[in-house]
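Keep the structure open as you read.

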Amino acid sequence: MAGPLAWHRFATLADASEALAEAVAIRLKDLLAGQGRALLAVPGGTTPAGFLATLGRHNLPWEQVTLLPTDERFVAADDAASNERMIRAQFAPLAEGRASFLSFHEHGSDIEAAAAVLCAKLAELPQIDLLVSGMGADGHIASLFPGAEAAFNAVPDSGIVVARPPGLPPRLSLSPARLLGAGWASLLVSGTAKEAVLKAASEREHRPLPVDLLLGSARGLDVYWAKE
């Protein structure tokens, strides 16, 4: 049974990003007070840049926080397409060496071998405490793409999925189990087209999109949506 779905609506992406950063900061503060550490998964792309910059300005003991990307293109760490490059550039505590980061890079030139290394590293970590996800217009989250369900619904779930979207660099992605295991999950999206994708979830019961994993999560989902 799906948990509560909460919509937070804003006129601009800047407003949505600021509100989401505040919500994440509050939850991080509570987590750090209670367990002394926190694991935060964040998306790549361009949409979360403002959120990351705003979150990084909060006064928190960032040395107790570990970040990891929800997914990563299998490119060099300094490649313009690298999610890690964007995250490090936007999130000041990482740039200043005050927070930890689980990199999906530098695990060899073979993507399957790199996935195995990452699976082992993830196995040493607790479940994700806080998840911030993005979503593509096609309903993909992380690098779980429509039509590739056979790859990311594999059993057993190892924690990492290798994605090979046509015409694009291959990617490494957190698996459904890792994403759904997060203690709290949020989605940062903008535009009416993506709003329509989310609202149409009930109409695609027999052909769900990857984002429906989050929409149907028993732990619920907070959607931070911006009109533009």
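Which residues does Ser17 touch, not counting residues up to four places away in sequence? The model is a predicted one, and in it Ser17 touches Gly50, Phe51 and Leu188. Ser17 is found in helix 1. Its relative accessibility is 3%. Buried means under 20%, so Ser17 counts as buried.

Stay on this helix and move along to Leu32. Helix 1 covers residues 13-35, and Leu32 lies in it. Leu32 has a relative accessible area of 9%, so this residue is buried too. Set aside the neighbours within four places in sequence. Leu32 is then in contact with Arg37, Ala38, Pro61, Gln64 and Val65. For a sense of scale, take Arg171. From Leu32 to Arg171 is 139 residues in sequence and 31 Å in space, C-alpha to C-alpha.

Now turn to the aromatic rings. A pair of aromatic rings is described by the distance of the centres and the angle of the planes. The count here comes to two aromatic pairs. One of them joins Phe10 and Tyr224, with centres 6.3 Å apart and 5 degrees between the planes. That pair is stacked. It links distant parts of the chain, 214 residues apart. Phe10 sits in strand 1 (residues 5-10), and Tyr224 sits in strand 10 (residues 221-226). Tyr224 has 6%, so Tyr224 is buried.

Trp62 and Phe91 also form an aromatic pair, and this one is edge-to-face. The centres of Trp62 and Phe91 are 5.1 Å apart, with 90 degrees between the planes. Trp62 lies in the loop between helix 2 (49-56) and strand 3 (65-69). Phe91 lies in the loop between helix 3 (83-90) and helix 4 (92-95). The pair therefore ties together parts that are 29 residues apart in sequence. Trp62 and Phe91 are both buried.

A charge over a ring comes next. Arg9 lies over the face of Trp225, 5.5 Å from the ring centre.

Look next at a loop. Ala137 lies between strand 6 (130-133) and helix 6 (149-152). Is Ala137 buried or exposed? Its relative accessible area is 57%, and the cut-off for exposed is over 50%, so Ala137 is exposed. Beyond its neighbours within four places in sequence, Ala137 is in contact with Lys194 and Val197. Gln127 is ten residues from Ala137 along the chain, and their C-alpha atoms are separated by 28 Å.

Last, the empty space. Rolling a probe the size of a water molecule over the atoms shows where empty space is left. The largest pocket has a volume of about 300 Å³. Its lining is made up of 19 residues. Nearest the centre of this pocket lie Gly44, Gly45, Gly134, Met135 and His140. By class, the pocket lining has six nonpolar, nine polar and four charged residues.

How many cavities of 30 Å³ or more does the structure hold? It holds one. The largest cavity has a volume of about 40 Å³. Leu179, Leu180, Ala182, Ala185, Leu214, Ser217, Arg219 and Gly220 line this cavity. Five of the lining residues are nonpolar, two are polar and one is charged.

Methods
Residues are numbered from 1 along each chain as its sequence is written. This is a predicted model: local features need pLDDT of at least 70, side-chain atom pairs count only at pLDDT 80 or more; totals for chains, interfaces and linings use all residues. Side-chain values use heavy atoms; hydrogens and water are left out. On a 1 Å grid over the protein atoms alone, a cavity is a set of points where a 1.4 Å probe fits but cannot get out, and a pocket is an open set with protein on both sides within 12 Å along at least five of seven lines; lining residues have an atom within 4 Å of a point. Grid points are joined across faces, edges and corners, and a volume is the space filled by probe spheres set on the points. Ala, Val, Leu, Ile, Met, Phe, Trp, Tyr, Cys and Pro count as nonpolar, Asp, Glu, Lys and Arg as charged, and the others, Gly among them, as polar. Helices (H or I, at least four residues) and strands (E, at least two) are DSSP runs, numbered from the N terminus. Buried means under 20% relative accessible area, exposed over 50%, partly exposed in between (1.4 Å probe, protein chains only). Contact means heavy atoms within 4.5 Å. Rings of Phe, Tyr and Trp (its six-membered ring) pair if their centres lie within 6.5 Å; planes under 30 degrees apart count as stacked, over 60 as edge-to-face and the rest as tilted. A charge sits over a ring if NZ of Lys or CZ of Arg is within 6 Å of the ring centre and within 35 degrees of the ring normal.
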